[in-house]
Amino acid sequence: MTDALAKNHADAATAFDVDSIRRDFPAMQLKVYGKPLAYLDNAATSQKPESVIEAEAHWYRESCANVHRGVHALSVKATAAYESARQKLAGFINAANTREIVFVRGTTDAINLVAGSFARNRLDPGDEIVISGLEHHSNIVPWQLLCEERGAKLRVARLDDRGDVDMDEYARLLSERTRMVALSHISNALGTINPIERMIELAHERDIPVLVDGAQAAPHKKIDVQALGCEFYAFSSHKMFGPTGVGALYGRLDLLSEMPPYQGGGEMIRTVSFDKTEYAEPPARFEAGTPNIAGAVGFGAAVDYLLKVGLDRIEAYEDELLAYATERLLKVPDLRLIGTARRKAAVLSFVVGDVHAHDVGTILDQEGVAIRTGHHCAQPVMERYGVPATSRASLAFYNTREEVDRLVAGLGRIREVFGG
Amino acid sequence: MSDLMDLYQEVILDHNKQPRNFGPLPDADHQAEGYNPLCGDQLKVYLKLAGDVIEDVHFDGSGCAISKASASLMTEAVKGKTLAEAEELFGGFHDLLTGDPSVRAEAPAKLGKLAVFEGVREFPVRVKCATLAWHTLQAALAGDSEQVTTE
């Protein structure tokens, strides 16, 4: 980082009014066991600001009707709200066309859609799909299922000791048999920020399409799909301060237009007879059935909120908080950080001596500190580091240094209980 | 904090640190593997029967303090017991963790050392950790070759 950049970051961090932000989130006022909740499990899901909760409630109170098919006033209102959310999302990730945003249930659903409707048709026996050793189960299993079905092979680029993808190996794995690359932008288990631009570039040199799992990146970084140039980008509302049960798939329009439907049903058709059905154009083609309309509206409100706070400011504040938390955690006796990649998001995975993560989680919980323990749906990552599980604190822009201090103090209690 | 000390009793911490009957049993005639996908606890239970008596029992694997101590205390509790007695112990143990408190009033006495797990009641997400070894024991006796899981 240059000095000027560092200074910019610092300025943005100091200008950040975290107290006022915390007031926007009802969950920040919660207590557990009589202690204020320190919610440090944001990589699992995030808390919701009042504006998101209100947007969803408001839609149910005043705009609840089905979309795209009613002539009545309420249906028109519902459709407008739903489509306006799509527009907000397109703007949020700088998609060239609003029709490139498909509403799905979440990142997992988006990846399954691409595996089923895009990759399946390109895969012959002996072909290959390349992923990285960082992936969440949701960016492994859909590809495994597909490879099994098509007699194709899943190739995995390994991690180095820090938790960075071995780029030489990644480049080597890309071959004339590779039909698809699927990579996380940011790792949920380790916080590694992949050099995704370079990884996409390398795949594109061989004309291999790329899906980016952006579940962990979208809440923390400015995303520009046109600049990235990826074919697909998948992300979830609930990790970015929006409702659960809804997410978005960005897909390049020319590709979406060529893809067969993912599921059959209402909404995704142009005409249906018993002889033949003509499918609707994207995105409707991929949105069979009544969508999660209220969820999409809430998702749109979450995007509004993020833009209001400002992604640059969020990133700067979280970087500063990560640096503070890393420094504090490294001073905890017997604590080993798992994942020290060169570029990291605010995720801290760790083990404490030989105390199992589950015990760490219970002890911290008693202190009102909520972290995640376990394999984080990334068992291959755990295996890579020879641990069955880790404890993971994942921070968001509403977290504070004081909460990090409480995490560290809570870790001190482990010795009280377990001795050592 | 008192709850936490109820959970992590001295006996539990001791068995976690120095598990008894730990390691494979070379002449085992029954064995099974248990897995708790929630936290990655994974353990194997090995049994050697003489008629319907559990002549020897071992376990190994990795897990949290509760699951490891529970496995260790279980091996001590069921060694030398008949299958019916072991089954009854598990019933009592299960009630201790999840049952109606008024019904299980007498249970702790019968359970002996296993009663130290009473504190787990207050931590519902940890009940699976405490029962994993017992479910695995059952699977080993039933001759299930499939891995048992707590989910």
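Visitor: Which strand does β2 of chain B pair with, and over how many bridges?
Guide: In this predicted model, β2(B) (residues 41-50) pairs with β3(B) (residues 53-62) in the antiparallel sense over nine bridges. Strands here are DSSP E runs of at least two residues and helices are H or I runs of at least four, numbered from the N terminus; two strands pair if DSSP finds at least two bridges between them.

Visitor: OK, and what is the bridge partner of Lys44(B)?
Guide: Asp60(B), in β3(B).

Visitor: Which residue in that hairpin takes a positive phi?
Guide: Gly51(B), near 65 degrees; the hairpin has two residues between its strands.

Visitor: Before we go on, what are the ground rules for the numbers?
Guide: Residues count from 1 along each chain as its sequence is written, with chains lettered from A and ligands numbered from 1 in the order in which they are written. Local features need pLDDT of at least 70 and side-chain atom pairs pLDDT 80 or more, while totals for chains, interfaces and linings use all residues; side-chain values use heavy atoms, leaving out hydrogens and water.

Visitor: Switching topic: how many residues are in contact between chain B and chain A?
Guide: 24 residues of chain B touch 17 of chain A, contact being heavy atoms within 4.5 Å. The two chains bury about 1,500 Å² between them, 59% of it on carbon and sulfur atoms. That is the accessible area (1.4 Å probe) the two parts lose on being put together, summed over both.

Visitor: Which residues form the salt bridge?
Guide: Asp359(A) and Arg126(B), with their closest N and O atoms 2.8 Å apart. The rule wants a side-chain nitrogen of Lys or Arg within 4 Å of a carboxyl oxygen of Asp or Glu, and the count between these chains is one.

Visitor: Now chain A. What's the strand order in the open sheet of four strands?
Guide: β13-β14-β17-β16, with antiparallel pairing. β13 (335-338) and β16 (372-374) are the edge strands, each pairing on one side only. Inside that order, β14(A) (residues 347-352) and β17(A) (residues 390-394) pair over four bridges, and Val347(A) stands opposite Ser394(A).

Visitor: Which strands does helix α13 of chain A lie across?
Guide: β14, β16 and β17 of chain A, and α13(A) (residues 357-366) runs at about 160 degrees to β16(A). Axes are lines fitted to C-alpha atoms, for helices over the stretch in contact, and angles run from 0 to 180 degrees between N-to-C directions.
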